[in-house]
Amino acid sequence: MNTDPSTGADAVGHSEMANAIRALAMDAVQKANSGHPGAPMGMADIATVLFTRHLKFDAADPQWPDRDRFILSNGHASMLLYAVLYLAGYGDMTIDEIKIFRQLGSRTAGHPEYGHAAGIETTTGPLGQGLANAVGMALAERMMNARFGDALVDHFTYVFAGDGCLMEGISHEAISLAGHLRLSKLIVLFDDNSISIDGGTDLSVSDDQMARFAASGWDVAHVDGHDPDAIDRAITAAKQSDRPSMIACRTVIGFGAPTKQGTAATHGAPLGDEEIAAAREKLGWPHAPFEVPDAILAPWRTAGQRGALARTAWQEKLAAVDDDTRTGFEGLLSGDLPGDVNVTVNTHKRRLSDEAPAWATRKSSQEALEVLTAHLPAMIGGSADLTGSNNTKTAATAPVAAGDFDGRYIYYGVREHAMAAVMNGLALHGGFIPYGGTFLTFTDYCRPSIRLAALMGLRVIYVMTHDSIGLGEDGPTHQAVEHIASLRAIPNLNVFRPADAVETAECWQLAIEAKSTPSVLALTRQGLPTVRTEHTDENLSARGAYVIADADGDRQATILATGSEVEIALAARALLQADGIATAVVTLPCWELFDQQPAAYQAQVLGGSGVRVAVEAAASFGWSRYGVDEANVVGMRGFGASAPAAQLYTHFGITPEAVADAVREQL
Ligand SMILES: Cc1ncc(C[n+]2csc(CCOP(=O)(O)OP(=O)(O)O)c2C)c(N)n1
């Protein structure tokens, strides 16, 4: 036992504090009979140094906006995070929660879940995502700093990452972007233990990780991950750097488990009673399972209070700034929209209905964005190198660059994976509503992060243009087919496919108003007529679907359509009505919102027992939920082709005539 001057802990020293993490991890995993003791035991020394000597936080106020962020990217090491949160005294994380690790209703899920307990800054588990989220958080920190200065915003983002995180492709994009933007307040602690599930990492990887980071413009260092003073010095140096920093910490996985440490056997399975008993012996931890003696808990709790003074000093600074600054700061962090967004959108909608432009919905999106970004400083745009195609850049959004974080537009480069994960980080940090663009086909490259945004309930908006064969000559590699259906399958994700300029404005409003739901906007490359030529203040898209053209006479048939195919549905209706077949057209800009409507509204929109046909230039999958048989979906049955868009619509039979025939065949 020795004295640690920075924590004031004089009764016990670093090792006992780190062993508390190790003991809790092995005991909780053993009790749950599942989990990952290896990484928590291996990284316990690093976590102890970080939380007791560097991390700026106050366990009594875990949401303090200027706290340092701690991201556990190797989410399987969740017990490390839960142990540290408990030891440091975060109110949400009690010893009882640790005893019910991985059980239904606990805050201690298998992998850390954002929202389950304060101190869990993001949901991790899919390796590499946390690292990329952290890049977004570190970027958000600099952007908030550029707006409000050092007094209000000046914090670090620390990441724990394992071999797995660094093997994932997303890490390349995230590291590259962070280096390019010189995110100097980002510090990654790499758990360099040379072990993953299959065994030694030499089975599958030979990268020089330090050289890799250095090549992307990072500062790099390596330390013995079990030498607290060396870790401390490395973190101190990293904080001084004008670049992001990576510290490779050489560790032993499962440190303390006498026969299993250093092997993959500790990675993801309980150690077993015998090994745990021997580990207790080896570590000098004689205490019962889940018992942390007061003498060891006390310095941890002291560490949890280390930031209290800094936090109150910060609150005084916030109180001392002028009213406009404070209101602006708090307004951004609250995520609330100004009260007059509806007025702004309606002024815009009225102009569109009057002028009835024949724009592609990607162009309509840009026009909506011009209005919204001018009005909402929280909105941060970007594109994965398709700015001119996605139409995501507006007059109000100047570019962000290294050393110039005042801007609101991020050139993500050709990095869709990282873009989506960075947007999650921007949203998680607080202060911003991120939107970013690419082609709808490349939602495949964003999908893991889209899914996590939906799981976490984040307001992130994906501007996905070139949404079908309607993009034409670029061909089937670029033409989305199955994407819309597969995105609709993700819970808590709104998939918007607006039919014209007015619906696009409405969908944008719904996307920015959905505080706990991410949104995909599927937008066309090709021009479309304005179908909503009569202005209404009501946001009709908010109900997800509505009758856009009623039947002339008692409804015999209903044509359901989305996006660019609403025009085709209306033309089909004209053909049918000319033959005396009373046909209604329903536009469905958002299935998810329609599914939330009362049954009576749904029935009224979908029509009674009459004929139902759907038209959508996409895979037919999913329309059965609205009572449309597969045979009655006019859509794609395979991949597209390279040709001018009009020819493709004819070639694939997505035409007014085909829709009208599909109706007639059923009458
Ligand atoms: C995207 C993704 N792919 C695969 C996995 C499954 N997985 C979890 S941990 C792991 C091994 C990671 O190795 P490392 O980061 O070295 O962790 P350690 O063995 O040191 O705990 C794998 C393949 C995952 N969680 N996420």
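Colleague: What makes the contact between Lys349 and Glu506 a salt bridge?

Modeller: The closest N and O atoms of Lys349 and Glu506 are 2.8 Å apart. A salt bridge requires a side-chain nitrogen of Lys or Arg within 4 Å of a carboxyl oxygen of Asp or Glu, so the pair qualifies. This is a predicted model, in which local features need pLDDT of at least 70 and side-chain atom pairs count only at pLDDT 80 or more, while totals for chains, interfaces and linings use all residues. Residues are numbered from 1 along each chain as its sequence is written, and side-chain values use heavy atoms, with hydrogens and water left out.

Colleague: Why is Asp66 called buried?

Modeller: Its relative accessible area is 4%. Buried means under 20%, exposed over 50%, and partly exposed in between (1.4 Å probe, protein chains only), so Asp66 is buried. The side chain of Asp66 also meets that of Lys56 in a salt bridge (2.9 Å, N to O).

Colleague: How do you know that Arg107 is partly exposed?

Modeller: Arg107 has 31% relative accessibility, so the residue falls in the partly exposed class. Its salt-bridge partner Asp92, with closest N and O atoms 3.5 Å apart, is likewise partly exposed, at 25%.
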